[in-house]
Amino acid sequence: MSVERNTRAIEGTVVTDFEDRMSYGGYLDLPTLLSAQRPLSGSEGKQEHHDELLFIVQHQTTELWLKLVLHELGAACRLLREDQLAPALKCIARVKHIQKTLTEQWSVLATLTPAEYGQFRGVLGNASGFQSAQYRAVEFTLGNKNAAMLRVFAADPAAHTLIRAALEAPSLYDEFLGLLARSGYPIPAAVLERDVTTAWTYTPELVPVFVEIYRDPQTHWAAYETCEELVDLEDNFQLWRFRHLKTVERIIGFKTGTGGSSGVPFLQRALELTFFPELYAVRTEL
């Protein structure tokens, strides 16, 4: 095959002069984005370890997706507060797709062997995913709040502000329950007036409300659909947590985490946390 036949000609209408035009790289600010991967294993005259770039890209990509998750969850909360359920569900649907991408990403990091990670783990110091402000803000927005986490971000004003805002705002579940109350469902006053800075805890008085919804989905379709979307969110989040745990176990076994946690046992306990316990309890009642 000739070179000419195996080359795609640039169409005459394609813009090639970007002297004074917006380009792909300019719009995305790629010089900034692609210069943010700075492996530390090559400092002090040492050779940069090949696999550190994977580790950095994996976590930076995760942070970008978490930024979008927070963007969508924030919009969903606002829309629920405004009784705009349909567009809120669109935001939640997008988050579900992002969650699947985040979970699948662990398979890339899992290609890192214990020996490879061990060669550059020392340069992390005390850096740990535990310190991800965006991840913590996502958990807070979904209801797993813990005011003690604020001190982890005391040295980072921007992160501290983000976490405090998520702590003090009603969670996605709070906003949904408020919408149900305004729609005529008998949501207990104690639920609507609760301190939203505290973690959500199982409230058995809510279960009969969800039993009514689940026993007659056609009559309560909007509420029923939203309940199932929230269950999807939690299922996806638990799958992400589990995949995280197994990836860590595969790479470092039961060593302690770089941030000082117990590592795998610490991640194991996270699997016991739940966002929407009543939406699981209702299944036992049906």
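This is a predicted model: local features need pLDDT of at least 70, side-chain atom pairs count only at pLDDT 80 or more; totals for chains, interfaces and linings use all residues.
User: What makes it a cavity and not a pocket?

Analyst: A 1.4 Å probe fits there but cannot get out, so the term is cavity, whereas a pocket is an open set.

User: Which helices supply at least two residues each of the lining of the largest cavity?

Analyst: Helix 3, helix 4, helix 6 (133-142) and helix 11 (221-252) each do that. Among the lining residues are Leu66, Val95, Tyr135 and Trp240.

User: How many residues of the lining are nonpolar, polar or charged?

Analyst: Nine are nonpolar, one is polar and none is charged.

User: Switching to charges, why is the contact of Glu72 and Arg94 called a salt bridge?

Analyst: Their side chains come to 3.0 Å, N to O. The cut-off is within 4 Å for a Lys or Arg nitrogen and an Asp or Glu carboxyl oxygen, so the pair qualifies. Glu72 belongs to helix 3 (residues 52-81) and Arg94 to helix 4 (residues 85-109), so the bridge ties together parts 22 residues apart in sequence.

User: What does the salt bridge of Arg182 with Asp83 tie together?

Analyst: The closest N and O atoms of Arg182 and Asp83 are 2.8 Å apart. Arg182 lies in helix 8 (residues 172-182) and Asp83 in the loop between helix 3 and helix 4, so parts 99 residues apart in sequence are tied together. Arg182, at 45%, is partly exposed, and Asp83, at 42%, is partly exposed as well.

User: Are Arg194 and Asp174 buried or exposed?

Analyst: Buried: Arg194 has a relative accessible area of 18% and Asp174 has 12%, so each falls under the 20% cut-off. Their side chains meet in a salt bridge at 2.9 Å, N to O.

User: Which residues do salt bridges with shared partners join into one network?

Analyst: Lys96, Glu229 and Asp232. Across the whole structure, the search finds twelve salt bridges.

Definitions and conventions:
Residues are numbered from 1 along each chain as its sequence is written. Side-chain values use heavy atoms; hydrogens and water are left out. Helices (H or I, at least four residues) and strands (E, at least two) are DSSP runs, numbered from the N terminus. Buried means under 20% relative accessible area, exposed over 50%, partly exposed in between (1.4 Å probe, protein chains only). On a 1 Å grid over the protein atoms alone, a cavity is a set of points where a 1.4 Å probe fits but cannot get out, and a pocket is an open set with protein on both sides within 12 Å along at least five of seven lines; lining residues have an atom within 4 Å of a point. Ala, Val, Leu, Ile, Met, Phe, Trp, Tyr, Cys and Pro count as nonpolar, Asp, Glu, Lys and Arg as charged, and the others, Gly among them, as polar.
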